[in-house]
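Open the structure in your viewer and keep the selection panel handy. We will go from stop to stop, with a note on what to look for at each.

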Amino acid sequence: MAGETRSPDGNLSYTDFILLGFPGLQEFHPLLFIPFFCLYLVNVVANCTIIYTIQVEESLHSPMYLLISLLSAVGLCSTNAIMPQMLLAFLFHSGRVSLPGCLAQMFFIYLMIIMDSSVLLMMALDRYVAICKPLRYMNIMSKRLLAMLTLAALIRGISVVCPMVVLASRLPFCQSNIIQHFACEHIALVSLACSSTPRNSILGMVVGAVIIIFDTVCILASYTSIVHTALQIASGSLRRKAFHTCSTQLLVMFFMYSSFLSSSIVYRAGQAISQDVHNLLSTIYLLLPSTVNPIIYGMRTKEIKQRVLRSFGRRQVAGAEPHEAFPARDDKALPSAAKKEALGAAAEDIGG
């Protein structure tokens, strides 16, 4: 029997909930276990491979590769906040979760979403400095700055997510203890409350605004400057590599933000859409980015690809020789040819 307690107004409030996963596909949950387990396995193997490769290779301890490693670590955390419980529910029909456990999962889901967006923002900053200020790159993008930016991203995430979780914890949940979802998403839990939830809705929109509006504007501004610099300085293959650098992250950014925005809009306005479609959209933005990111940012980066293949006994990737991309000297003290050479090295890091 579900746990219950009394709310301040005297109504019963559920303290135990059941996650239904995909409500319209209950009889197929054992079959759904197979593709989702494969997705989980690919996610863990890909992210762990990237993290391990960057950790053991001293030549990959530059800021760009450390950020790729951080992105993989965030992906691992976000996946493990959802997938183990989801897979157990599919296999054993055991989707029961307590209110504290549900709130903890909600906290980590949204904290990792914000951290993921923050790392993309830091990668945009890294590429901006690498291409627009290539000869001052190592002076600006120090490990100390990366540590400070990571700490700031963590503080930002906690300060945004904590109020949302605290407000949700104070709601009386007397409508039902059935969550029509595979995870404790904010909207899915708050919809079970039997009191007014305008503040919760506003905070939910604030989280979306922080992720989509602020970070998107900053990333687009960074890549606009990169394109402008590439058009001015680089020519031929260097320009193509710089554009490849931009398009890679812009595709990832578009995939992540558009899926998050689509899920939020459908939840608030798409009453005619089935709950399984809602949950499928949530799967896209909660699980797929952390699986795709290590492939895009890791396996398409020549130095990482070279070392991963070497670890499996394969030949080195042609032309993927380690290089010291950014000499720590002043931009203005060197001729434009040197700037072009450094810009080429910056573009090649992701250009593959």
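Select strand S3 (residues 16-19) together with strand S4 (residues 96-98): three bridges join the two, and they run antiparallel. Strands here are DSSP runs of E with at least two residues, while helices are runs of H or I with at least four, both numbered from the N terminus; two strands pair if DSSP finds at least two bridges between them. This is a predicted model, in which local features need pLDDT of at least 70, side-chain atom pairs count only at pLDDT 80 or more, and totals for chains, interfaces and linings use all residues. Residues are numbered from 1 along each chain as its sequence is written, and side-chain values use heavy atoms, leaving out hydrogens and water.

Click on Phe17, whose bridge partner in S4 is Val97.

Move on to helix H10 (residues 275-286). Its twelve residues reach 16 Å from first C-alpha to last, close to the 16 Å expected at 1.5 Å a residue; that expected span is 1.5 Å times one less than the number of residues. Buried residues of H10 include His278, Leu281 and Tyr285.

Finish at Leu154 in helix H6 (residues 143-169), which is partly exposed at a relative accessible area of 35%.

Conventions. Buried < 20%, exposed > 50% of the residue type's maximum accessible area, 1.4 Å probe, protein only.
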